[in-house]
Each structure stands twice: as C-alpha cells, then as structure tokens.
Amino acid sequence: MEAVSRARRNAAVLSLALGGFAVGLTEFVAMGLLPEMAQGLLPAEYARSTSDAVAQTGWTITVYALGVVVGAPTIAALTARVPRKRLVIGLLALFAVGTVASALAPTFPLVLLARFVAALPHGAYFGAAGMVAAALIGPGSQAKGFAAVLTGLTAANVFGVPLITSLGQATSWRIAYAAIAGMFVLTLLAVLATVPSIAAAPGGSPRAELSAFRSPQMWLAASIGAIGFAGFFAVYSYISPVTTNTAGLTSGAVPWVLATIGLGMTVGNLLGGMLGDRNVRRSIVLGLGSVVLAATAFALSASHPVGLFVTGFLVGAACLVTAPALQARLIEVAPRAQLMGAAINQSATNIGNSLGAALGGLVIARGLGYTAPAWVGATLAAAGLAIAVVSFRLDRHHPAPVNADSATPNRTPSDSAARSAGDGSASARVGGGDGGGAAAEGARSAGARTPAARP
C-alpha cells in the first residue's frame with residue numbers, strides 16, 4: 001500500500017463508512033415503505049385487501065435477503081485474489097445498478113429481480129471494505145476500521161432510513177430508491193478519490209475460503225444467526241402497518257418509530273461489543289433470550305403508541321446485543337477463512353431477514369393481524385437459542401478449531417492488548433505493499449469486537 005497522509009486516510013475510512021450507510025438504506029428502507037410500494041406495484045390487490053397486498057410486497061424484503069445469501073459466499077470465493085480497492089469499487093457499482101433498476105422497474109416481478117441484483121454485493125462489501133479500513137488505520141487499531149464501516153450501517157438505521165422513508169412517503173417510493181442509488185454513486189467517487197491501492201491477501205484462493213464449510217460448528221453458528229435473527233426481522237419487516245393500522249398513528253410517525261428502533265440497535269451494538277469480548281457464548285444466550293422477551297412484549301403492547309416505541313427500542317437493542325458475539329463465534333469455528341466467515345455471517349442474518357419477512361407475511365395474510373409476526377419472532381428467537389445451546393454443548397466434546405492467528409473470542413482485555421501488539425508486524429507488511437496480512441488480521445480482531453454488517 002502506498003504511503004498516505006493522515007487526512008487522506010481519514011477521508012478514505014469515511015468513504016468506506018459512507019458505503020455502509022448506503023447499504024443500510026437500501027436494505028432497510030423497504031420496511032417503512034411497504035404500503036406505498038404495495039399501492040404502486042399491486043394496485044388491484046391493494047384496492048381489494050390492503051393487508052394481502054402489503055404481505056405480498058414483503059417479498060421485496062425476502063428477495064433482497066436471498067440475494068445476500070447467494071452473493072456473499074459466491075463473491076467472497078471468486079474474488080479472493082482481486083485487489084481490495086478494485087473489489088470495493090466493483091461492488092459499489094453493482095449496488096448502484098441494482099438500486100437504479102429497483103427505482104425504474106415497471107412491474108412487481110422486475111422489482112423483485114432488481115432487489116435480488118442489488119443484494120448480491122452486500123456481504124462481500126462489508127468484508128472487503130472492513131479489510132481496507134483495517135489496513136488504512138494500521139498496527140494495533142485494526143478493529144477500528146471494521147467498526148467505522150459498520151458505524152455507517154448503524155447510522156443509517158438511526159436517521160438515514162427515517163429520512164429516506166419520509167422522502168418516499170412525501171414523493172414516491174421510486175424517488176427514495178433513486179436517492180439511495182445516488183448515495184452509492186457518491187460513495188464510489190469518494191472511494192476512487194481517497195482510497196489507495198491495496199493488494200489481495202497473499203495465498204488467497206477460492207479453495208482456501210471455501211474450507212470454512214468443512215466445519216460442522218460453522219453450520220450450527222450460521223443456523224443460530226439465520227433462525228435467531230429471523231425473530232427480529234419478523235417484527236421489523238412490518239413496522240409500518242403496525243404503526244398506522246394497529247397503533248393508530250399517522251404515516252408520519254413511521255420514521256420516528258424506525259429511528260427509535262435504530263437507536264435501540266445502536267445501544268445494543270455498543271453493549272454487545274463489550275459483552276462479546278468477555279464471553280461469546282453467554283452473550284449469544286443473553287441476546288437471543290432478550291429477543292424472545294422483547295418480541296413478546298411488542299406483540300402484547302404495540303397496539304398502544306407508548307408500547308410501540310418502548311418495545312420497538314427493546315427489540316432493536318436485543319437483536320444487536322447478539323450480533324458481535326455471533327461474528328466472533330463464526331471466526332472461532334472457521335479461523336482460516338476470515339473473508340468467508342464475514343460472508344457467512346451476512347448470509348446467515350439475511351436468511352433470517354428472508355425467513356422472518358416471509359413467515360410474518362404469512363400470518364398477516366391468514367388474517368391474524370399485524371402484531372402476529374411478533375409472536376412468530378419470539379418463537380424463532382427461541383429456536384435460535386435452542387440451537388445455540390446444542391452447539392455449545394457439542395463444544396465440550398469437540399472443541400472449535402483455533403489456529404495461532406485467529407481471534408480468541410473469550411479472551412481478557414489484557415489478552416486483546418497483547419494480540420494487538422503482536423499484530424504490528426503483519427500490519428507493517430501491508431503498509432509495505434502486501435495489503436492482505438493486516439487486513440485478514442483486522443478481520444480476526446474485529447470479529448470478536450464488532451457486530452455483523454445487518455440488523
């Protein structure tokens with residue numbers, strides 16, 4: 001990597017975080033605009049039954065999640081030797097194309113196809129951008145690079161998604177997606193201008209990345225994320241009709257509810273990072289158990305405005321408490337395929353997105369009401385908790401593989417400091433043009449401290 005000034009380094013990290021912000025917008029804005037999208041894309045169904053049309057439009061969320069599931073591991077494997085800056089730029093271009101197509105597609109099936117295409121680069125972006133940011137920040141600070149990129153997504157949930165939702169409600173949902181596409185183009189130009197060239201990891205190959213799938217515990221960890229996070233998305237996917245039809249508030253309140261949930265996610269992210277460093281297994285159990293309780297409280301009280309805001313905050317916080325520890329768990333069980341580990345995490349949580357939205361839409365279509373998905377969410381989170389308990393019990397007989405370079409999720413703060421100091425030589429090699437060693441080491445460090453790139 002070429003030598004860069006402090007100002008350019010900070011600008012580059014900010015550019016990568018801006019990409020995380022845009023990803024958060026394109027992933028989550030549909031939750032607040034489902035009624036508008038249903039009315040525009042399925043007018044006949046909407047006139048006949050609003051709830052049926054909204055439930056059917058929920059497939060835009062499901063299809064996006066499926067795109068992440070397909071794209072994350074595929075791109076991670078196929079681009080193992082691609083220089084990181086070039087990879088990030090290509091991913092941002094694909095984001096922009098898919099989001100523009102989402103805004104322009106004239107029919108519901110074409111919108112579904114466009115959402116699938118827009119989702120393909122999602123998981124790989126967080127892996128590649130996190131590695132670039134880690135290399136830029138340098139020795140002893142690798143986790144900060146990943147945290148910076150993920151902070152963009154968190155910020156999107158706090159104020160970006162509510163603002164874009166308001167724009168879509170005031171104008172058109174198509175205008176909202178066009179604005180998001182503009183954000184991706186802006187990010188692409190910023191990355192071109194500020195991010196230096198960084199090589200791919202030496203020795204990287206599709207075979208090395210795909211080795212992660214040999215671990216049975218990896219599949220269990222992915223299942224924890226897929227089923228457990230589905231509990232959150234069953235609630236979050238239908239927050240707009242719950243706000244207007246169940247709590248009796250106007251559509252103008254939807255952005256405020258979304259901002260409240262985003263604030264809960266931010267608090268949960270901070271708390272989960274601290275708890276995950278102390279004890280990964282305990283954090284996963286605590287987080288999923290909290291989702292069960294919060295989703296149940298939401299189902300019981302969301303019909304009242306105060307209950308909607310309070311339990312919405314709790315659902316968001318409970319979900320993100322789990323995320324850092326789940327990422328650390330995937331690093332623990334597949335330590336030799338860091339980029340693929342990050343991709344698997346994205347795939348798992350977006351399977352949860354797809355499953356939660358689909359099952360939530362199913363119970364709404366059955367006439368059980370807009371709070372019924374919250375009961376589905378509580379059940380799914382409980383199932384994820386049960387899988388976690390099984391996985392941890394199996395660890396007693398078959399400990400997860402850990403190599404000398406991988407993160408140790410349950411390490412003490414002093415161990416973390418020692419690991420950061422020891423990583424300096426790898427980071428220095430990146431600074432000399434290698435590019436991959438510190439990036440991979442950053443992934444390992446970040447996995448134990450920072451959340452996955454979705455809630």
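Q: Angles between axes under 35 degrees count as roughly parallel, over 145 as roughly antiparallel, 65 to 115 as roughly perpendicular, and the rest as oblique. On that scale, are α1 and α7 roughly parallel or roughly antiparallel to each other?

A: This is a predicted model, in which local features need pLDDT of at least 70 and side-chain atom pairs count only at pLDDT 80 or more, while totals for chains, interfaces and linings use all residues. Residues are numbered from 1 along each chain as its sequence is written, and side-chain values use heavy atoms, with hydrogens and water left out. Helices are DSSP runs (H or I, at least four residues; strands are E, at least two), numbered from the N terminus. Here helix α1 (residues 6-41) and helix α7 (residues 122-137) cross at roughly 165°, and their axes come within 10 Å. The two helices α1 and α7 are therefore roughly antiparallel to each other.

Q: How is the hand of a crossing read, and what is the hand for α1 and α7?

A: A crossing is left-handed if the near helix is turned anticlockwise from the far one by less than a right angle, and right-handed if clockwise. For α1 and α7 the crossing is left-handed.

Q: What are the packing angle and the distance between the axes for helix α5 and helix α6?

A: The axes are lines fitted to C-alpha atoms, for helices over the stretch in contact, with angles from 0 to 180 degrees between N-to-C directions. Helix α5 spans residues 84-104 and helix α6 spans residues 108-119; they pack at about 165°, with axes 8 Å apart. That angle makes α5 roughly antiparallel to α6. As for the hand, α5 passes α6 in a left-handed crossing.

Q: At what angle do the axes of helix α11 and helix α14 cross?

A: Helix α11 (residues 216-236) and helix α14 (residues 280-301) cross at roughly 25°, their axes coming within 10 Å. On this reading α11 and α14 are therefore roughly parallel to each other. The crossing of α11 and α14 is left-handed.

Q: In helix α9, is leucine 192 buried or partly exposed, and is threonine 194 buried or exposed?

A: Helix α9 runs over residues 173-194 and contains leucine 192. Leucine 192 has a relative accessibility of 42%, so it counts as partly exposed. Threonine 194 is also placed in helix α9, but threonine 194 is buried, at a relative accessible area of 15%.

Q: Lastly, is valine 306 buried or exposed?

A: Valine 306 belongs to helix α15 (residues 305-333). Its relative accessible area is 63%, so valine 306 is exposed. Valine 306 and alanine 247 are 59 residues apart along the chain, and their C-alpha atoms are separated by 9.1 Å.

Technical notes:
Buried means under 20% relative accessible area, exposed over 50%, partly exposed in between (1.4 Å probe, protein chains only).
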